[in-house]
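Welcome! Please take a moment with the sequence and the model, and then we can walk through some of its parts together.

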Amino acid sequence: MGKRVLIVDDEPNIVISLEFLMKREGFEVSVARDGEEALRKVEESTPDVMLLDVMMPKKTGYEVCQQIRANPSLSGVKIVMLTAKGRDTEVAKGLDLGADAYMTKPFSTKDLVAQVRALLGIS
Amino acid sequence: MLQGSTIIAISLAYLGVLFAVAYYGDKRSDHGRSLIANPTIYALSLAVYCTTWTFYGSVGRAASTGIGFLPIYLGPTMIAALWWWVLVKMVRIAKANRITSIADFVASRYGKSQLIGGLVTVIAVIGIVPYISLQLKAVSNSFSILLGYPEIVMPSHAGELPVWRDTSLLIALAMAAFTIVFGTRHLDATERHEGMVAAIAFESIIKLVAFTAVGLWVTFGLFDGFGDIFARAAEQPQLAKLMQVSNTASSYGSWASLTLLSMLSVMFLPRQFQIAVVENVNEDHVRRAIWQFPLYLLLINIFVLPIALGGMLHFSAGGVDADTFVLTLPMSQRQEVLALLVFIGGLSAATGMVIVETIALSTMVCNDLVMPLLLRSRWFRVHQRADMSGLLLTIRRGAILVILLLGYIYFRAAGEAYALVGIGLISFAAVAQFAPVIFGGMYWKGGTRNGALAGLFAGFAVWAYTLLLPSFAKSGWLPVGFLQEGLFGIALLRPTQLFGLTGMDEITHCLFWSLLANTAAYAGVSLSGRPSATETSQATLFVDAMKQGAQGAGSRFWRGSAQVDELLPLIGRFLGPQRAQLAFENYARQRGRSGVADLQADAGTVHYAESLLAGAIGSASARVMVASVVKEEPLGLDEVMNILDEASQVRAYSRQLEQKSRELERATAELRAANERLQELDRLKDDFMSSVTHELRTPLTSIRAFSEILFDNPEMDAEERQNFLSIITRETERLTRLVNQVLDMAKIESGRTEWQTEALDLREVIDSSIASVSQVYREKDVALVSEMPDKVPTLMADRDRLIQVMLNLLSNAVKFVSPGSGRVAVRLTHSDAGLRVDVEDNGPGIRPEDQQVIFEKFRQGGDTMTDKPQGTGLGLPISKQIVEHFGGHLWVESEPGKGAVFSFTLPLQAEAADDAAGAALAA
């Protein structure tokens, strides 16, 4: 059975590119446009990996990450935070909140794919 | 029936209570929890001003002159308004110089002159003796009357009884004993008596209660209220007269002179000075006394007229002295308890006055009369090593006894010639003689010792001649002929019509001549001579008492050498060795020394020793005593002048320093503000950079991702490839736009923008802008409508810039409204002032706190943590700058939930101005 990936971002073009990359890897892809929608999608069907943007309307990526990590039944969800804010403090904050990886925009598509595969244990 | 023994027992019991209050007050003060550290106690103790003269005499005076009793209370009420300036300054001077009495005050001011201290003391004693006799008369009369209860018998005339049966002698002796026990139990360096002050405040309450009780009883018990008394009195012609101010020049003159007299008395009567200045524990207490003391006077005067009129109505047959109405009215109705209360109230008023007055006078007699003489005597030098503190107390006790006996003698000799008020006024006129030298001394540096002596002597002589001698003559001590024909038969020297001055009552007459002679002599002699060095230094200490740095300045004016082991025993002789040792140890510690042995006998120490001694024996004597053990090198006048010059230079210098430090503080504050502003700007720049970075990274992310995807997937189908390439193009455009906007802002900011000003039709600008954004609006399904007049005046402005503003407003609006239901309206209107454009949307609106913020650079509305900032935060600031460049305004009106209206105006004057400039160029 294919791994499920949830893409959370409010920039339509970035979503398109991420969707393309994940589908190419053979993952099952769903999309959320803001933080609240992301949490709803997670409730509906738990993904294996989340690509989570930080600066979003309604709920930031930090808050989404925090809420997921507060729920033990979602402990298996791997979270990759994506953000245009690349300062060290922001990276540290994301990791402290329980993100598994943190990538700064603009990112290398190869690195992103490798990171996702590593988190899923796919060699 | 009241037994004499009952009255005496109750009186003694009352005195016992007074004593207990005083004892408790002293105990509390010893434990550092002062009973009198309370402004109300201070104000109440000032009411020692109200003696039996007020208690019995006001009614008597009201019965003969109507409201003529009032000036005695109006004066103090008026001068109380000046206390914050005058009294506070006196208190400060007295504290700084350890002043113990009014004689000490005057002596200290005029170069610590023993002669002046003595003269003031003599004037005070002679002047006050009649006043004390008045208290004896009142107490003795009220006692005799009360003894006759229930019969009302006027007391036999003083002097008719042999001395040994005269109750007033006994009263005088009892009061002397009481005062001695009360006030001279120990010698205090500051000459303060906390217990006494507490007791005086207490007796002030008692006399007020007693008088008010009688007043209430007469007004509402005996009669039917104020209206009843005044109505009944008005029916009787001679009583009706009392209720008018008689309309003659002399009566106004009397009013004025009595008011002036009582203004001066409330400041300069020795007992008032004692309570108000010497016993003052806190300058701030004066502030409350300014209204509380006049309030007390008002309360104790409310019932004077009702009692006077009531008494005259009640005893219409005559035969009852109006001075006794307060007592005889209750007696006539067999109000035994009330009568006793009145007696106690009167006794209270008398003892209060006698205690404070005799303590004050005995201090003056001891310090300013006896000590200077003793210091000269050989006997004193022989006993140089003896402890003098016991002797000092003995002198004071003796003085108390002598003063009271003098009062008794005056009472026997002259007491019957005058009503109570008359006697009191003689004393008032005597202390009024202190006014020129004290006021002059506090506010005029030019007053000299010789001037003060001349003034005091002249004033006192005129007072004695025009008021005291006539009072003797009236009582038969002197031939009456001298009153009527003048001294040596010279008519011009008639004491009550001096130099032919008539038409005044004798008090006004005396006050006029004595104050005239006093002031003229004081000012004349002062101006014609030069002050000595000591006088100059003391004058400065007094006149500049309120200035900064004046405190503790006394030691500046001393130079010489001394030994602590000579100073200490000297002080010990007067204060007792233990207290002297203790005081010196305290002083040593204050100066940061380990003990007395470590103390240098420098100017400061000598000054301290002198002020300690001044507290016990007065400043003039203290100076002489200290001079006997130290080797003083007297300062010349020019040296004192130099010190004063230096002092004023130091003051000026310290003022400059203060000013400099204030300037420094201001500069520091400005720097701090500038620094904060810089930090704020730095933070804004940081935020801006972060925001720009984010905005730059977002399109870059798409561009990079799609480029890599296209690169890695060459086999991608053509349609998808086309789609991805167009995304890359759009994102690149977005990047360009952002970069342009940032540069644009920077240009406008730095004033390097080139403005292409041309005549334009704003309708056309709006139409073009709408056309540019219509695509976006259609895509989002938002309605866009415009309302414009058919014609508007042309405008001189930059077309592209105005389109930029319109595009910004329109694209903002479409960003915030909901797709489908969103509606944006553009309106153009014009008035004489100019053109106005409104862009109205039905979006979520803008919170009031954000309505200013959105026009600031790099700032965006809403909470940036939850709302992704839309745009760069530069659109509105740029638009605002553009509109303001053309003299217009850009603002927003919005209520959250009800949409927002962004409006801007553009004035037409800009066109006119440019036209004028053009015309000028053409011409």
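Predicted model: local features only at pLDDT ≥ 70, side-chain atom pairs only at ≥ 80, totals over all residues.

Apart from its neighbours within four places in sequence, Ile72(B) is in contact with Leu258(B) and Ser262(B). Along the chain, Ile72(B) and Ser262(B) are separated by 190 residues, yet their C-alpha atoms are 5.2 Å apart in space.

Where does Ile72(B) sit? You will find Ile72(B) in helix α4 of chain B, which covers residues 71-80. Is Ile72(B) buried or exposed? There are 27 C-beta neighbours inside 10 Å of Ile72(B), and a residue is buried if it has 20 or more, so Ile72(B) counts as buried.

## Chain B as a whole

Stepping back, chain B has 923 residues, and 46% of them count as buried. Chain B holds 35 helices and nine strands.

Contacts across the sequence are worth a look too. Taking the contacts in chain B between residues at least 6 apart in sequence, 82% join residues at least 24 apart.

## Two helices that cross

Next, find helix α10 (residues 226-235) and helix α15 (residues 304-314) of chain B. Their axes come within 10 Å and cross at roughly 50°, which makes α10(B) oblique to α15(B). The crossing of these two helices, α10(B) and α15(B), is left-handed.

Which residues make the contact? From α10(B) come Phe226(B), Ile229(B), Phe230(B), Arg232(B) and Ala233(B), while α15(B) brings Pro306(B), Leu309(B), Gly310(B) and Leu313(B). Sorted by class, the contact of α10(B) with α15(B) has seven nonpolar residues, one polar and one charged.

## A five-stranded sheet

Chain B also contains an open sheet of five strands, in the order β4-β6-β7-β9-β8 and with mixed pairing. Strands β4 (783-787) and β8 (889-894) of chain B stand at the edges; each has a single partner strand, so one side of each is left without a neighbour in the sheet. On average, neighbouring strands of this sheet are turned by 15° against each other, direction ignored.

Inside the sheet, strand β7 (residues 834-841) and strand β9 (residues 900-907) of chain B run antiparallel and are joined by eight bridges. For Glu840(B), the bridge partner in β9(B) is Val901(B). A helix joins the picture here: α34 (residues 875-885) of chain B packs on the sheet, where α34 touches β8 and β9 of chain B. The direction of α34 makes about 130° with that of β8(B).

Conventions
Residues numbered from 1 in each chain as written. Chains lettered and ligands numbered in written order. Pairing = 2+ DSSP bridges. Helix = DSSP H or I, 4+ residues; strand = E, 2+ residues; numbered from the N terminus. Axes fitted to C-alpha atoms, helices over the stretch in contact; angles between N-to-C directions. Contact = placed C-beta atoms within 7 Å. Parallel < 35°, antiparallel > 145°, perpendicular 65-115°, else oblique. Left-handed = near helix turned anticlockwise from the far one by under 90°. Nonpolar A, V, L, I, M, F, W, Y, C, P; charged D, E, K, R; others polar. Buried ≥ 20, exposed ≤ 12 C-beta atoms within 10 Å, placed from the backbone.
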